[in-house]
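Visitor: I would like to learn how to read a few features of a structure. Please show me the case first.

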Amino acid sequence: MMQRDDIETFANHIGGRWETEPETMPATNPATGEPIGRLPRSSRETARRAIAAARQAQPGWAATPVWERARACLAIAAQIDGARDRIARTLSLEQGKPFKEAQGEVGKAADGFRLAAELVKQLGGETLPAEDPSKLVLTLRQPRGVYAVITPWNFPVNIPVEYLAPGIATGNAIVWVPAPTTSMAAVELMRAIEAAGLPPGVVNLVIGEGAVVGDEIVAHPDTNGIGFTGSPATGQRIAERGAGKPMLLELGGNGPVLVFADADLDRAAAAAAGGAFFNAGQVCAATGRVLAHRSIVEPLAQRLVEHARAHKLGDPLQQGTTMGPLNNPKVAAKVREHVEDAVARGATVLAGGRPRPDLGSELFFEPTVITGVTREMKINREETFGPVVPVVAFDDDEEALDLALDTEHGLSVGVFTADMDRALRFGEAIPAGIVNVNAGSTYWELHLPFGGGSGTRSGIGRLGGRHTLEAMTELKMISITRTGK
């Protein structure tokens, strides 16, 4: 493919200045395969300069009064609001999600800064009793320092804000490495941050390959904390490279949606399909698999098929499109592999199941419903990260729980039943960070805790609201000894 001369070359943002890099890499439209920009292929030295800029800026930003930091977050939110359609168009063009979904994501990003602005003003310590009567003991929260933040391509505006807004509000400085396939959207967000007048070096954007610049910021001794959203395999490597540093790791899932015989099937089907097809299924809390009582598999599957066929697959910038392409060849290959493996092992495709290169690129894949899925199939055991609903039948509560527990993941679960005793039993027994009763696995709001269960491959810590602000600050104890008589 020939390189066009009219596409923009993008830059890093380090210490308050935009800086180009000698080496570049292409940005590509997943709906067409066409080049849409040139991105920096940054070096470790560039990452180190960004860390130095953050290290220099952080003490002054930490000393800035909290009300002023809160006003800075509100100013960023206003800049995002003002540029919403431009940011959303870039996001849609580069990531592949429909423009309306992209607009919603950008709006949530602005809300994230507004939420951080309010919550940071309520973030405080406490006084504690002491056995020694001469002691007054209190606690306070201080920023950790320089945060290394690495973010994914599926929500390239909203997920960064889940780290950036709390980090900025609490007085940290940030070195941010976005996913290469959606770094144009990262530049748009950085432009909004810059326009809000944040001091130079408080947020630094470094674009490049994760194995190079991501590894550098994680392992560097001058970064004090790590925020990462992405795959379990990459998260494990980050945990090893950054050992000893506080970490927020959100690592994905294979969340089951359990549907019992007494469930409202219309509600369950709408939620399960919504969780599987939103953002073309490229959601960590997506409907990874539907576990359905055998007596209702057929009527539930019929409803799921109706939802699948209601989607219009096509150009994400075209009005009326409800599902765009998958973001990159690697994820598209995995979706095809999972569907082919299931069919080869005896599953039945009721809707979709095919790539649609006739729509413009090999990355389009039809909304898919598959029944007859069994334990050993890859689509049941692994995170597919595509627009597929696999349906697994169970005969009783014991088997349902056994199927739900048969995974390494533990992020988010949906349970549909009219029996609240059953719902609570399953909610307590499944080691997931989120259990939604009579709602799909994707339900979450910005102020709520979000993260994986202990002992699973779904991560460490909690994002959302005050939970992130607390994680990105250090709790310090101060004791004062009374010396007066």
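Visitor: How many residues lie between E5 and E6 in their hairpin?

Guide: The hairpin of E5 and E6 has 6 residues between the two strands. A word on the source: this is a predicted model, where local features need pLDDT of at least 70, side-chain atom pairs count only at pLDDT 80 or more, and totals for chains, interfaces and linings use all residues. Residues are numbered from 1 along each chain as its sequence is written, and side-chain values use heavy atoms, with hydrogens and water left out. Helices (H or I, at least four residues) and strands (E, at least two) are DSSP runs, numbered from the N terminus.

Visitor: Which order do the strands of the open sheet have?

Guide: Start with pairing: two strands pair if DSSP finds at least two bridges between them. Here the 3 strands of an open sheet are ordered E5-E6-E20, with antiparallel pairing. E5 (127-128) and E20 (473-481) stand at the edges with a single partner strand each, so one side of each lacks a neighbour in the sheet.

Visitor: How many bridges join E6 to E20?

Guide: Strand E6 (residues 135-143) is joined to E20 by 9 bridges, and the two run antiparallel. Leu140 has Lys476 of E20 as its bridge partner. Leu136 has Ile480 of E20. On the E5 side, 2 bridges join E5 to E6, again antiparallel. There Leu128 stands opposite Val137 of E6.

Visitor: At what angle do the axes of H2 and H5 cross?

Guide: Two packed helices are described by the angle between their axes and the distance between the axes. Axes are lines fitted to C-alpha atoms, for helices over the stretch in contact, and angles run from 0 to 180 degrees between N-to-C directions. The axes of H2 (residues 66-82) and H5 (residues 158-169) cross at roughly 150° and come within 8 Å. That makes H2 roughly antiparallel to H5 (angles over 145 degrees).

Visitor: Which residues make the contact between H2 and H5?

Guide: Arg69, Cys73 and Ile76 of H2 meet Ala165, Ile168 and Ala169 of H5, with contact meaning heavy atoms within 4.5 Å.

Visitor: Is Cys73 buried or exposed?

Guide: Buried means under 20% relative accessible area, exposed over 50%, and partly exposed in between (1.4 Å probe, protein chains only). Cys73 is buried, at 0%. Cys284 is buried too, at 14%.

Note on methods
Angles under 35 degrees count as roughly parallel, over 145 as roughly antiparallel, 65 to 115 as roughly perpendicular and the rest as oblique.
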